[in-house]
Amino acid sequence: MPIDAAKAVAAEPRSTEIAWDHKDVQLYHLGLGAGAPATDPAELRYTLESRLHVLPSFATVAGGGMGIVDGLSAPGVDVDLMSVLHGAQSITLHRPLPTGGRAVSTSRVAAVHDKGKAAVLVLRSETADADGPLWTSDARIFVRGEGGWGGDRGPSDRLPLPDRAPDRTVERPVREEQALLYRLSGDWNPLHADPEFAALAGFDRPILHGLCTYGMTLKAVVDTLLDGDVTRVRAYRARFAGIVFPGETLRIRMWTAEGGTQVTVAAAERDDASVLADTFVEHA
């Protein structure tokens with residue numbers, strides 16, 4: 001079996017030094033669609049260095065965002081990248097992210113679950129700087145065709161939707177060139193830029209990065225319900241349920257709940273096709 005679950009989980013963690021500055025943060029925010037209108041004080045918090053704050057989802061790209069690739073080369077893991085899907089992502093914040101700094105990111109395979117027709121790798125990264133822990137990030141990676149060995153299925157992260165209308169619904173357009181800009185933050189997969197490569201993967205045109213949708217959604221929640229205060233976010237998790245094409249519109253529905261906000265995200269132009277599900281922003 002290409003995945004040796006016991007060996008993968010027992011492997012020594014890998015540590016990598018990462019660094020970022022305000023330009024990396026600004027580029028990431030612009031890749032999420034920040035900066036429109038350009039002179040809006042609320043948007044300048046994402047784009048102007050003298051007022052800059054850091055959206056917590058920046059943790060997914062800080063230092064180049066290569067933790068997932070490193071995890072897929074861990075001992076005990078030997079998989080075909082064409083069979084890999086990014087299934088879910090979560091971040092836990094230990095304190096607000098600085099606009100620049102140096103840190104050490106320590107990554108390991110935290111668990112391997114058997115879903116029958118697929119295996120799920122839980123890739124965990126814990127990042128800290130000289131002042132202590134900054135964030136913990138979990139990426140759940142589905143590997144098609146690698147389940148069925150009788151292992152633990154793992155927990156269910158499904159969140160039933162509230163039996164009422166959303167408290168807020170907002171729409172966020174995805175610009176035609178947005179994937180080309182977002183990929184400059186570190187995800188160079190040609191699926192998001194090259195029409196020929198996208199066709200080989202079964203799409204009629206390049207698709208938006210799932211983590212771009214992830215960041216856009218958190219920004220919408222912060223701007224809509226948290227008065228633009230990124231420091232109120234404690235944790236954020238989402239399951240990737242579908243794709244988004246550049247040029248489409250995200251319809252983001254929010255339900256206030258104990259401890260935070262539950263969210264769903266759909267592609268408005270495709271009959272509200274689900275894009276993010278089981279999504280929750282924990283906040284003050």
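**Exercise 1. Find where serine 156 sits, say whether the residue is buried or exposed, and look for a polar contact of its side chain.**

Step 1: Serine 156 belongs to the loop between strand E5 (132–144) and strand E6. Helices (H or I, at least four residues) and strands (E, at least two) are DSSP runs, numbered from the N terminus.

Step 2: Serine 156 has 62% relative accessibility, so it counts as exposed. The scale runs like this: buried means under 20% relative accessible area, exposed over 50%, partly exposed in between (1.4 Å probe, protein chains only).

Step 3: The side chain of serine 156 reaches the backbone nitrogen of arginine 158 at 3.5 Å.

A quick word on the ground rules. You're looking at a predicted model, where local features need pLDDT of at least 70, side-chain atom pairs count only at pLDDT 80 or more, and totals for chains, interfaces and linings use all residues. Residues are numbered from 1 along each chain as its sequence is written, and side-chain values use heavy atoms, with hydrogens and water left out.

**Exercise 2. Follow the strand pairing from E6 through E8 to E9.**

Step 1: E6 (residues 168–173) and E8 (residues 249–257) run antiparallel, joined by six bridges. Two strands pair if DSSP finds at least two bridges between them.

Step 2: Threonine 169 has arginine 253 of E8 as its bridge partner.

Step 3: E8 is also antiparallel to E9, with eight bridges, and here arginine 253 stands opposite threonine 264.

Step 4: Look at the turn: E8 and E9 make a hairpin with two residues between them, and glycine 259 in that turn has a positive phi of about 85°.

**Exercise 3. Which two aromatic pairs can you describe, one with tyrosine 28 and one with tyrosine 214?**

Step 1: The whole structure holds six aromatic pairs. Rings of Phe, Tyr and Trp (its six-membered ring) pair if their centres lie within 6.5 Å; planes under 30 degrees apart count as stacked, over 60 as edge-to-face and the rest as tilted.

Step 2: Tyrosine 28 and phenylalanine 58 have ring centres 5.7 Å apart and planes at 70°, so they are edge-to-face. Tyrosine 28 is in H2 and phenylalanine 58 in the loop between H3 and helix H4 (67–71), 30 residues apart.

Step 3: Tyrosine 28 is buried at 0%, and phenylalanine 58 is buried at 2%.

Step 4: Tyrosine 214 and tyrosine 236 have centres 4.2 Å apart and planes at 25°, so this pair is stacked. Tyrosine 214 comes from H7 and tyrosine 236 from E7, 22 residues apart.

Step 5: Tyrosine 214 is buried at 0%, and tyrosine 236 is buried at 2%.

Technical notes
A polar contact is a pair of N or O atoms within 3.5 Å; within protein, one must be able to donate a hydrogen and the other to accept it, and residues adjacent in sequence count only if both atoms are side-chain atoms.
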